[in-house]
Amino acid sequence: MLFSISWRNIWRNKVRSLVIIFSIALGIFAGVIASAFFKGMAIQRIQKVIKTELSYIQIHNPGFEQTSDFTNFIVNSEDITQKIKQIPNVSGVSRRMSVQSMAASAETASGVIISGVFPEQEATVTNISTKIIDGQYFEGIKRNPVVIGKKLAEKLNVKVRSKIVITIQDLDNNITSGAFRVAGIYSTDNNMFDEANIYVRFTDIQKLTGFPMNAAHEIAINISDNKELPVILPKVKEITNNDLDVKSWKELSPEMNYLTEAMDMYMYIFIVIILLALLFGIINTMLMVVMERTKEIGMLMAIGMNKMKVFGMIVLESVLLSLTGGIVGVLVGALSAKYGETHPIDLSMWAQGYQALGYDAFVYTVLDPEMLINITVLVIITGIIAAIYPAYKALKNDPADALRIE
C-alpha cells in the first residue's frame, strides 16, 4: 500500500515530477554514454598497442630492454621459437633484430628503431602488413626493401621506391651503412610510432652487421585470446628455463594496463559528480512536496499513521522519482552505447591531435553491464539520501498545528 501511495503522490504535480525525472535521465544518460565512449577509446588504444606495437608476449635477454645493446642477443632464438609454436592457442611467433639507429634520405636524417624481421612471421604477430597505405609489404623491391611509417616518410620527404641510407653499428662496434629502398609506407594512426619505427628483412640487416642467423634480440608472441595469457605465459617461461626476460604486454606497457582501471575510476567520479548535482535538485523538490502537504501529513499522523511509515513514504517517493529518471537514463544511454558499438563516433575533425597521442579518430563505444548496475545502485542511494532531510522535516511537524494550516 505504501508503494502505491508513494507512486500516486509523485504524479500529483506532473510538471514538477517530469522536470526532475528528465533532469535525472539526462544526467545518467550523459554518464553512461561518456563511460562507454572512454572505455571504448581505452580498449582501442590497448588493442592497438598489442596488435601493432608490442604483441601479447615478448622475450629478451636480461638487460636488453634497459640498454638496447646490439651484442646482447638471444643465442638459440630459433629453437625457442619452434618450441613456443607448439603451445596451444599461440597464433604466431616472430624473431626480431632490434637496433636504434639513423635513417637518412637525400634531404635529411632521423633517429629510428630498426626492426629486422621475417615478413611472414611478423605478419602473424602484428598487423603492420595490413596498415600499408602506399606500396606493398616487402614486395616490389628485390634488394634491401624497407617499410616505413607515413610520418617518417613525410619527415624524410621520401615515397615508394625512394632510397634511404641506414647507418648502424655491427657486432665489432664498427659503423656500417646500407642503402635500402622504400617498398611500402604504413600508417597506424599513431604519429609517434610511425615516425620512430621502420622494418627491414632480417636477412638483409644480418648481412650488413654479421649478426648470427640463429640469434634474435626479441621474440614476439601472439595468442588467440587475451584470456589465455595467464595460462600461456608460464609455459613460455618454462621453455626458456627462466633464463630470459619473458613479459606480457601488461609488464611491457604498464601504463596501458593502468589505462582501463583509470578510465573506470574517472567515470565513477564523473557519475558521482552528476548525482551530487542532481541530489540538490531532488532535495529541493522533496522539500517543496513536504511543505505543500504539511496539513495532509499531519492528518495522516493524527489518524494513527506512525512516524516510521511517514518517513518511509517520503523516502520511497524520492527513490521512485530518482529510479524512474535513472532507469530512463540508463536505457537510453545503453541503447545509444550499443548503437555506437557498430557505428563509431567520428572525431576526424580532431584527428591530428588524437593521432599524436596514439588514439583513433573513430571511436567505437563499449557498454559495460557492471557499470549499468552500479549506476542504478548509485541512483537508488542518491534518492534515499535526498529524502532524509525532507522526511525529517515532515516528522518535526506537530499534527495538531499541521491540521490548523489552511
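This is a predicted model: local features need pLDDT of at least 70, side-chain atom pairs count only at pLDDT 80 or more; totals for chains, interfaces and linings use all residues.
Trainee: How many residues line the largest pocket, and which of them lie nearest its centre?

Mentor: The largest pocket holds about 680 Å³ of space. Its lining is made up of 26 residues. Those that lie nearest the centre are E53, L54, Q58, I113 and E218.

Trainee: Which class, nonpolar, polar or charged, has how many residues in the lining of the largest pocket?

Mentor: Elements that give two or more residues to this lining include α2 (14-54), β2 (90-104), β3 (109-117) and α11 (254-292). By class, the lining residues divide into 11 nonpolar, 9 polar and 6 charged.

Trainee: Why do the buried residues of α4 line one face of the helix?

Mentor: The buried residues in helix α4 (residues 77-85) are S77, I80, T81 and I84. An α-helix has 3.6 residues a turn, so residues three or four places apart point the same way. Seen down the axis of α4, the buried residues line one face because they fall within an arc of 100 degrees.

Trainee: Which residues do salt bridges with shared partners join into one network?

Mentor: The structure holds 7 salt bridges. Some of them share partners, and the network they form joins R96, E122 and E218.

Trainee: How many residues apart are K247 and E65?

Mentor: K247 forms a salt bridge with E65, and their closest N and O atoms are 3.0 Å apart. K247 is partly exposed, at 23% relative accessible area, and E65 is partly exposed as well, at 30%. The pair links strand β10 (residues 245-248) to helix α3, distant parts of the chain, and the separation is 182 residues.

Trainee: What is the relative accessible area of K155?

Mentor: K155 forms a salt bridge with E195, the closest N and O atoms lying 3.1 Å apart. K155 lies in helix α6 (residues 150-156) and E195 in helix α7, so parts 40 residues apart in sequence are tied together. E195 counts as partly exposed at 27% relative accessibility. K155 is also partly exposed, with a relative accessible area of 40%.

Technical notes:
Residues are numbered from 1 along each chain as its sequence is written. Side-chain values use heavy atoms; hydrogens and water are left out. On a 1 Å grid over the protein atoms alone, a cavity is a set of points where a 1.4 Å probe fits but cannot get out, and a pocket is an open set with protein on both sides within 12 Å along at least five of seven lines; lining residues have an atom within 4 Å of a point. Grid points are joined across faces, edges and corners, and a volume is the space filled by probe spheres set on the points. Helices (H or I, at least four residues) and strands (E, at least two) are DSSP runs, numbered from the N terminus. Ala, Val, Leu, Ile, Met, Phe, Trp, Tyr, Cys and Pro count as nonpolar, Asp, Glu, Lys and Arg as charged, and the others, Gly among them, as polar. Buried means under 20% relative accessible area, exposed over 50%, partly exposed in between (1.4 Å probe, protein chains only). The arc is that of the directions from the helix axis to the C-beta atoms. A salt bridge is a side-chain nitrogen of Lys or Arg within 4 Å of a carboxyl oxygen of Asp or Glu.
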